[in-house]
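Subject: Structure handover and notes

Hello,

Please find the structure for your work below. My notes on it follow.

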Amino acid sequence: MPHSEALIDEIANELATWPGIHIERSAEGAARVRYEHSTLGLLYPDRGVAELPVLDAEHDELIEEGDAEPAELTPDSSGVSHDVHGPADVTAVLELFDRRYRDVRGEDEPYSSEDPA
């Protein structure tokens, strides 16, 4: 398994531990990350990329700060993407998913599966 595929699987496995998150894998290998009826993003193991839909203002902020790149979804898309090449990218992608997760849930505090103690 190529390195980026293993890292994408690591991200999917972590996200699957978050309350209410479901991972739906397609026949092509992509994984749709869902919370209830909302899609939080897509993981592409074969490309080593995570794509997330975001609001226009957040889209511009994430790109300006270097936290993400414009997604290739459509020319008019307000989605962002992040390539996954190493452990730092895993952390960055989980932070992007955390932003979406909190936005969809209406929460301010970041989610962590780690023990707060």
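Is Thr91 buried, partly exposed or exposed? The coordinates are those of a predicted model. Thr91 is partly exposed in it, because its relative accessible area is 43%, and a residue counts as buried only under 20% and as exposed only over 50%. Thr91 belongs to helix H3. Its C-alpha lies 8.6 Å from that of Ile11, although 80 residues separate Thr91 and Ile11 in sequence.

Overall layout

The protein has three helices and six strands. Along the sequence they come in the order α-β-β-β-β-α-β-β-α. Of the 117 residues in the protein, 41% are buried. Among contacts with a separation of 6 or more, 47% join residues 24 or more positions apart.

Helix H1

H1 runs over residues 3-15, which makes 13 residues. From first C-alpha to last, H1 reaches 19 Å, close to the 18 Å expected at 1.5 Å a residue. Which residues of H1 are buried? They are Ser4, Leu7, Ile8, Ile11, Ala12 and Leu15. These residues lie on the same side of H1, because they cover an arc of only 140° around the axis. On the face turned away from that buried side, H1 carries the exposed residues His3 and Asn13.

H1 against H3

Two packed helices are described by the angle between their axes and the distance between the axes. For H1 and H3, the angle is about 35° and the axes are 10 Å apart. The crossing of H1 past H3 is right-handed. On the H1 side, the contact is made by Leu7, Glu10, Ile11, Glu14 and Leu15. H3 contributes Val90, Val93, Leu94 and Phe97. Leu7, Ile11 and Leu15 are also among the buried residues of H1.

S1 and S2 are paired in the antiparallel sense, with five bridges. One of the bridge pairs joins Glu24 to Arg32 in S2. The two strands form a hairpin with five residues between them, and Gly29 in the turn has a positive phi of about 105°.

S2 and S3 also pair in the antiparallel sense, over five bridges. Here Tyr35 stands opposite Ser38 in S3. The hairpin of S2 and S3 has two residues between the strands, and Glu36 takes a positive phi near 50°.

S3 and S4 pair in the antiparallel sense over three bridges, with Leu43 opposite Ala50 in S4. Four residues lie between the strands in the hairpin of S3 and S4, where Gly48 has a positive phi near 65°.

Why is S3 described as largely enclosed by the rest of the structure? Five of the seven residues of S3 are buried, so the description follows from that count.

Regards

Conventions: Residues are numbered from 1 along each chain as its sequence is written. This is a predicted model: local features need pLDDT of at least 70, side-chain atom pairs count only at pLDDT 80 or more; totals for chains, interfaces and linings use all residues. Side-chain values use heavy atoms; hydrogens and water are left out. The expected span of a helix is 1.5 Å times one less than its number of residues. Buried means under 20% relative accessible area, exposed over 50%, partly exposed in between (1.4 Å probe, protein chains only). The arc is that of the directions from the helix axis to the C-beta atoms. Two strands pair if DSSP finds at least two bridges between them. Axes are lines fitted to C-alpha atoms, for helices over the stretch in contact, and angles run from 0 to 180 degrees between N-to-C directions. A crossing is left-handed if the near helix is turned anticlockwise from the far one by less than a right angle, and right-handed if clockwise. Contact means heavy atoms within 4.5 Å.
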